[in-house]
Amino acid sequence: MTRRSGGELKRLARECLLGKYPVVIAARLGAFFLPIAVLAPFSAGLTIELNIAFVTYLLAALIIQLLGQLLTVGVLRMHLHLAQGQPAAFLDLFWSFRNRPDRLILATALFYALLAVPPALAGAAVYFFAPEGKAGMIWIVACTFLFLAGEIFVLLTFGMIYPIYIEHEEMTVLEGFRAAKELMSGNKKRLLLLYISFIGWQLLGFFSIGIGFLWIRPYRTQTAVNFYLDLTGGLNRKGMHIDASVEGDL
């Protein structure tokens with residue numbers, strides 16, 4: 001099956017978001033600020049001393065981070081709906097809380113655990129095997145690059161687990177990870193290049209003091225969702241228009 005180019009996926013993303021930016025931006029802001037608001041009471045009078053208050057704050061932050069991911073999945077579902085020509089509403093933000101949230105929480109915990117492996121290995125390599133002097137600095141730089149490569153590999157291999165869980169509510173946690181790994185087999189380079197193509201937009205976001213990210217992040221997410229549906233045939237099933245032309249992208 002011929003896959004769509006990055007330019008075509010971006011063009012489709014822009015079409016999907018046309019006129020829908022307000023609800024998507026509102027949902028993304030909700031997903032960002034709601035966990036912060038819930039965590040705020042735990043930080044009252046907090047110090048860096050290792051005491052009960054500090055431990056309580058760390059545990060609360062971990063739990064709220066996991067629950068906050070449910071909001072992110074709700075936003076992702078909105079993007080899936082837009083890609084498939086379906087309506088999206090702000091209350092979709094809370095969809096995950098009504099649809100097997102335990103599965104998504106466990107999947108998120110496993111995903112974070114996998115992401116923790118590369119830095120843990122790199123840290124152990126530096127701590128136990130780094131020589132002294134200039135050779136030690138070279139070793140640290142090499143381990144840092146290996147750590148980054150490992151993180152990117154994990155993200156590219158399992159980054160599509162959430163769309164899979166959204167579309168397959170009966171799928172277990174481990175089945176989702178296996179499906180994501182199989183789906184991305186032979187496609188990791190394409191996804192990496194697609195993300196790299198957004199570097200120009202990312203720079204614009206920084207130059208706009210972060211305000212531009214309100215539009216850039218939905219654009220990138222919608223493009224990634226289109227990439228996922230392109231792999232699964234979802235774009236074809238929904239009858240989305242195919243344009244052979246490739247537009248230049250920033």
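Visitor: At what angle do helix 2 and helix 3 pack?

Guide: Two packed helices are described by the angle between their axes and the distance between the axes. Here helix 2 (residues 21-39) and helix 3 (residues 52-83) pack at about 170°, with axes 9 Å apart. That makes helix 2 roughly antiparallel to helix 3 (angles over 145 degrees count as roughly antiparallel). Axes are lines fitted to C-alpha atoms over the stretch in contact, and angles run from 0 to 180 degrees between N-to-C directions. Helices are DSSP runs (H or I, at least four residues), numbered from the N terminus.

Visitor: Where do these coordinates come from?

Guide: This is a predicted model, where local features need pLDDT of at least 70, side-chain atom pairs count only at pLDDT 80 or more, and totals for chains, interfaces and linings use all residues. Residues are numbered from 1 along each chain as its sequence is written, and side-chain values use heavy atoms, leaving out hydrogens and water.

Visitor: How many aromatic pairs are found in the whole structure?

Guide: A pair of aromatic rings is described by the distance of the centres and the angle of the planes. A search finds eight aromatic pairs (rings of Phe, Tyr and Trp, its six-membered ring, with centres within 6.5 Å; planes under 30 degrees apart are stacked, over 60 edge-to-face, the rest tilted). Phenylalanine 158 and phenylalanine 177 have centres 5.4 Å apart and planes at 55°, so the pair is tilted.

Visitor: Is phenylalanine 177 buried or exposed?

Guide: Phenylalanine 177 counts as buried, at 6% relative accessibility (buried means under 20% relative accessible area, exposed over 50%, partly exposed in between, with a 1.4 Å probe and protein chains only).

Definitions and conventions
Helix = DSSP H or I, 4+ residues; strand = E, 2+ residues; numbered from the N terminus. Parallel < 35°, antiparallel > 145°, perpendicular 65-115°, else oblique.
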